[in-house]
Amino acid sequence: MREESKINLGKNIAILGAQWGDEGKGKIVDMLTPDLDAVVRFQGGHNAGHTLVVDGKKTVLRLIPSGILHPHVQCYLGNGVVLSPDAFLSEVAELEQQGIDVRHRLKLSHALHLLLPYHIALDQARELKLGHAAIGTTKRGIGPAYEDKAARRGIRLADLADLDGLQQRLKTVLDYHNFVLTQYHQTSAIDVDELFDVLLAQREALLPLMTDVTADLQVLASQGKHILFEGAQGSFLDVDHGTYPYVTSSNTTAGGIACGSGFGPLMMDTVMGIMKAYTTRVGSGPFPTELTDDIGATIAKRGHEFGSVTGRPRRCGWFDAVAMKRAMFLNSMNALCLTKLDVLDPFTEIGICTAYQLDGKTLDYLPHSTAELARVQPVYEFMPGWGSDTFGITRFDALPSAARQFIERLETLLGLTIDMISTGPGREHTIVRQSTR
Ligand code: IMP
């Protein structure tokens, strides 16, 4: 990273999605990685997706933090992650084929929950049964894995060390889930002995990576190391604070860091919210600023808005400052990064949602019910477009004046300076404005 593009965010940094996911967190994490000692994932599973290009070869990482590409960085998956051994080991194999040392630089929490084939079968069967009311999950088994965790019948990584106990637990959990799979969903049962044999082989690769992540982070923190917590999905997909039930099943917001890694909340120096210059969402659920017209289609096309895990088209719409203010409070965001500014280049005017109308009332906050959020009408402020190319611009003062005005208007509405602005997919396509904090 060039010296002048460095940004000082302190020692312990969280990078979180401020909208419905896919905000471009991966690029920002990549940019910050040269100055880091460790990267930690604390929630989610292989529903997340981050595409990397290493020596011209494309790799989609779902579980392993992209920090793995930087030999000096230690990577961790905290207790809040749900780990599919199949997905994880195939990612490890793919990276190792490219000559990347994964096994010495990646540690897994002893307390993380395993996401097993019955979770995937349940997720798929349920979505099918819901029909039009489906949540639009990634069908990766995320919800059922977190359900088992909360129901205290989950299997954790450390359970792989006790074979007798594991066999018994698997039998109990499959007695329960196979009944649901066969009797309620009329689909195939999962064979307990077959799964046990698979886990027996997989544990040889998994157990050597096991650690007490919290204890490791405590050591790193005491040594003054730089640690980044990489969020997956976005604030409004949070199981508690998102647009329930159209959410993922983990806490994607800042509170999830402490719960999902054991790193206490007062240790954090910076919580940076990543937000697109517009909004997208994939899957079902309310989306007040959604544009189903040509403008939405143009944003989708220019922004390549297709899911990196499922390939599904993303829904697109204007920037929602009402939702964003909520996300900032929810997460204690004290730094902001605006991504994909260049996608808005061709528009003659650009919308910013500053309030909602609901039943004749103007709201400057999110209604508490998802059903009400689905009924709100956005109130827009339209800013003049800039109609010229901002792709790859690296200095704020080199942006067209209308683009600067758009950003400054967002800063006024949000009450915080925007420290970083992304103008293209490459690391170099970034404007860094040192924070005034
Ligand atoms: P699940 O996480 O597979 O259970 O899916 C629940 C909801 O979260 C669905 O609307 C998904 O589209 C959405 N979702 C899950 N992971 C991501 C992601 O990485 N980016 C954006 N949306 C996601």
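Student: Which residues does Phe406 touch, not counting residues up to four places away in sequence?

Tutor: This is a predicted model, to begin with. Phe406 touches Ala277, Leu341, Leu344, Ile350, Ile352, Met383 and Trp386, with residues up to four places away in sequence left out.

Student: And the largest nonpolar core: which residues touch the most other members?

Tutor: Phe229, Leu338 and Phe406 do. That core has 68 residues. Helix α12, residues 401–414, gives the largest share of this core, with seven residues.

Student: What lies apart from it?

Tutor: Another core, of 55 residues. Val39, Leu63, Leu106 and Leu108 are among them.

Student: Switching topic. How is the protein divided into domains?

Tutor: Domain 1 takes 12–105 plus 212–432, and domain 2 takes 113–209. Their C-alpha centres are 29 Å apart. Domain 1 puts 27 residues into the contact, and domain 2 puts in 21.

Student: How much area is buried between domain 1 and domain 2?

Tutor: About 2000 Å². Carbon and sulfur atoms give 61% of that area. On the domain 1 side, His46, Val82 and Pro85 lose the most area to domain 2. Together they make up 25% of what that side buries.

Student: How many salt bridges are found across that interface?

Tutor: Zero between domain 1 and domain 2. Polar contact is found there, in eight residue pairs.

Student: Which element gives the largest share of the domain 1 side that touches domain 2?

Tutor: α2, with four residues. β6 (82–83) and α2 (85–97) each supply at least two residues of that side.

Conventions. Residues are numbered from 1 along each chain as its sequence is written. This is a predicted model: local features need pLDDT of at least 70, side-chain atom pairs count only at pLDDT 80 or more; totals for chains, interfaces and linings use all residues. Side-chain values use heavy atoms; hydrogens and water are left out. A nonpolar core is a set of buried Ala, Val, Leu, Ile, Met, Phe, Trp, Tyr and Cys residues joined through side-chain atoms within 4.5 Å. Buried means under 20% relative accessible area, exposed over 50%, partly exposed in between (1.4 Å probe, protein chains only). Contact means heavy atoms within 4.5 Å. Domain bounds come from an automatic or database domain assignment. Buried area is the accessible area (1.4 Å probe) that two parts lose on being put together, summed over both. A salt bridge is a side-chain nitrogen of Lys or Arg within 4 Å of a carboxyl oxygen of Asp or Glu. A polar contact is a pair of N or O atoms within 3.5 Å; within protein, one must be able to donate a hydrogen and the other to accept it, and residues adjacent in sequence count only if both atoms are side-chain atoms.
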